[in-house]
Amino acid sequence: MNNHTALKLWGMPLLIAVITFAGLISAILGTGMWHYMSWVALSYPVYIMVKYGRRFFS
Amino acid sequence: MKAQTIKSWFYVHKWTSLICTAFLLMLCLTGLPLIFSEEIHQWTGEDVAAPSLPEGTPKATIDQVIINAKNHLPGKEMKYIYWDNDKYPGKMFFTLADSSGAPEEKNIYLTMDSRTAKVLQAPADDMDFMDIMFHLHVDMMAGVPGMLFLGFMGLLFTASIISGVVLYGPIMKRYDFGMIRTEKSKRLRWLDLHNVLGIVSLAWAFVVCITGVINTLAVPAVDAWRAGELADMVSEYKDKPQIKEGQLGSLQVAIDRTRQAAPDMEVNFIAYPGTLYSSDHHYAVYVKGNTPLTSRIIKPALIDAQTNELTDIRDLPWYLKTIYISQPFHFGDYGGMPMKVLWALFDLATIIVLISGLYLWFARRKSKEQQLSRMLSNAETANLVNNH
């Protein structure tokens, strides 16, 4: 597999996993700003699931 | 990846999933209301808030609160006291039982007003809906074996997640991320949904699963701590008879003594002598840090319950620390209401992944059967043709 296809295949899953981990960790590090960052980060995978998952019902 | 390797991973994914899916579905369904247990308890009125008091109302001592709690439940012995002034201001949660060494399932709970020393609430003994959800989720009402069994199911789920990720590669190699094929067949539509929700919820599911597995080891971990560190901390008391209720010194003094030993930490949990979390001769006064992260790490000061002298104060061993730090990542209770809602959405996504996985297994079996019967009927036709 060349780099181009590897990126196409694993780019999004990797990005989403990193964002999810960042969201999970940030809320434990503090309140206020840290919580906002966590909510934004964890909303991203949920948004992606809704965006693509809804096509299942079309 | 070689075809044979893919096939092996497929078998791992199929069998680990088949075994754990029913239990994982149960865990996801019972976990859903548990995410909001605080809100549900407030909403059902099971959680009574402490009334606001006029300024300058004299504050009761903890020893007075204890006397009133014991008078409310005569003949019972104290086991634990817990408070959290940020979350539950003015409230103190008591755990009592027939004796301090009684098993945890025989516990009786009492909520006191820490300022007026009045009884706020004496919850009924019978299990309500949330208790049933909790016990199904934790051990399926089967005690430690049930808990460890669910831990094993969690390990299978971990294997299922990992093998699922491995299979994602060969399946999606030629396709775009997030593809859902709606025009081909029903099975492909479900497969694509399973793949996209599975790969996106992966990190969350993995963290919640692993931390859940870690939590199932809480009972053996506390046993190990009691047999090791705790026994070591109180080794000079080894041959002394267990302290009796009438001989107990003031808890207020024990707490003051602890505050001297750990001035920059907060006291939030007391275990009485003879309970699971203390020795037979000590008040275990647990302190925690003040920051979001250090507040997850508690450590006990062991105060001689008769003389109120400090015997030892020591960090908990790494395995208990691991359990305490892992808990918020399982509960999702460390980021306010928005986080709880997100937790619930991830939970729902996991339920869909489980159900679609189950559907795919059924559909595959059916198509295999059809294939087989087609092959058989083809063979029969061939026979007929040949015979003629």
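Predicted model: local features only at pLDDT ≥ 70, side-chain atom pairs only at ≥ 80, totals over all residues.
Colleague: Okay, and where is B:M141 found?

Modeller: B:M141 sits in the loop of chain B between α4 (129–139) and α5. Its phi is positive, about 60°, although B:M141 is not a glycine.

Colleague: Which residue other than glycine has a phi near 65°?

Modeller: That's B:A117, with a positive phi near 65°. You'll find B:A117 in the loop between β3 (108–113) and β4 (119–121) of chain B.

Colleague: Let's zoom out. What does the secondary structure of chain B come to?

Modeller: Chain B has 10 helices and eight strands. Its radius of gyration is 28 Å, well over the 21 Å that the globule rule gives for 388 residues, so chain B is more spread out than a compact globule. Along the principal axes, its C-alpha trace spans about 105 × 50 × 35 Å.

Colleague: How is chain B divided into domains?

Modeller: There's domain 1, made of 3–39 + 144–206 + 336–382, then domain 2 (47–127) and domain 3 (218–331). The C-alpha centres of domain 1 and domain 3 of chain B are 43 Å apart.

Colleague: And how many of the contacts in chain B link residues 24 or more positions apart?

Modeller: Counting contacts with a separation of 6 or more, 65% are between residues 24 or more positions apart. As for burial, 28% of the 388 residues of chain B count as buried.

Colleague: What about chain A, how many helices and strands there?

Modeller: Chain A has two helices and zero strands. Its radius of gyration is 14 Å, whereas a compact globule of 58 residues would be near 10 Å. The C-alpha trace of chain A spans about 40 × 35 × 10 Å along its principal axes, and 26% of its 58 residues count as buried.

Colleague: How many residues of chain B are in contact with chain A?

Modeller: 30 residues of chain B are in contact with 27 residues of chain A. On the chain B side, α5 (143–172), α6 (186–215), α9 (318–331) and α10 (336–387) each supply at least two of the residues that touch chain A. The largest share, 11 residues, comes from α6(B).

Colleague: And how do the residues on that side divide by type?

Modeller: The side of chain B that touches chain A has 22 nonpolar residues, six polar and two charged.

Colleague: Switching to cores. Which residues touch the most other members of the largest nonpolar core?

Modeller: That core has 36 residues, and the ones touching the most other members are B:L24, B:F157, B:L197, B:V200, B:L202, B:A205 and B:C209. Both chains take part: α1 (3–29) and α2 (33–53) of chain A, along with α1, α5, α6 and α10 of chain B, are the elements that give two or more residues to this core. α6(B) gives the most, with 13 residues.

Colleague: What does B:C209 touch, then?

Modeller: Leaving out residues up to four places away in sequence, B:C209 touches B:G154, B:F157, B:T158 and B:I161. There's also a second, separate core of 33 residues, which includes B:Y80, B:M112, B:I243 and B:I270.

Colleague: Now helix α8 of chain B. Which of its residues are buried?

Modeller: In α8 (residues 251–261), B:L251, B:A254, B:I255 and B:T258 are buried. They cover an arc of only 100° around the axis, so they're on the same side of α8(B).

Colleague: What do the buried residues of α8(B) pack against?

Modeller: They pack against α3 (62–72), β5 (266–271), β6 (282–288) and β7 (298–304) of chain B.

Definitions and conventions: Residues numbered from 1 in each chain as written. Chains lettered and ligands numbered in written order. Domains from an automatic or database assignment. Helix = DSSP H or I, 4+ residues; strand = E, 2+ residues; numbered from the N terminus. Rg over C-alpha atoms; globule rule 2.2 N^0.38 Å. Buried ≥ 20, exposed ≤ 12 C-beta atoms within 10 Å, placed from the backbone. Contact = placed C-beta atoms within 7 Å. Nonpolar A, V, L, I, M, F, W, Y, C, P; charged D, E, K, R; others polar. Arc of directions from axis to C-beta. Core = buried A, V, L, I, M, F, W, Y, C linked by C-beta atoms within 7 Å.
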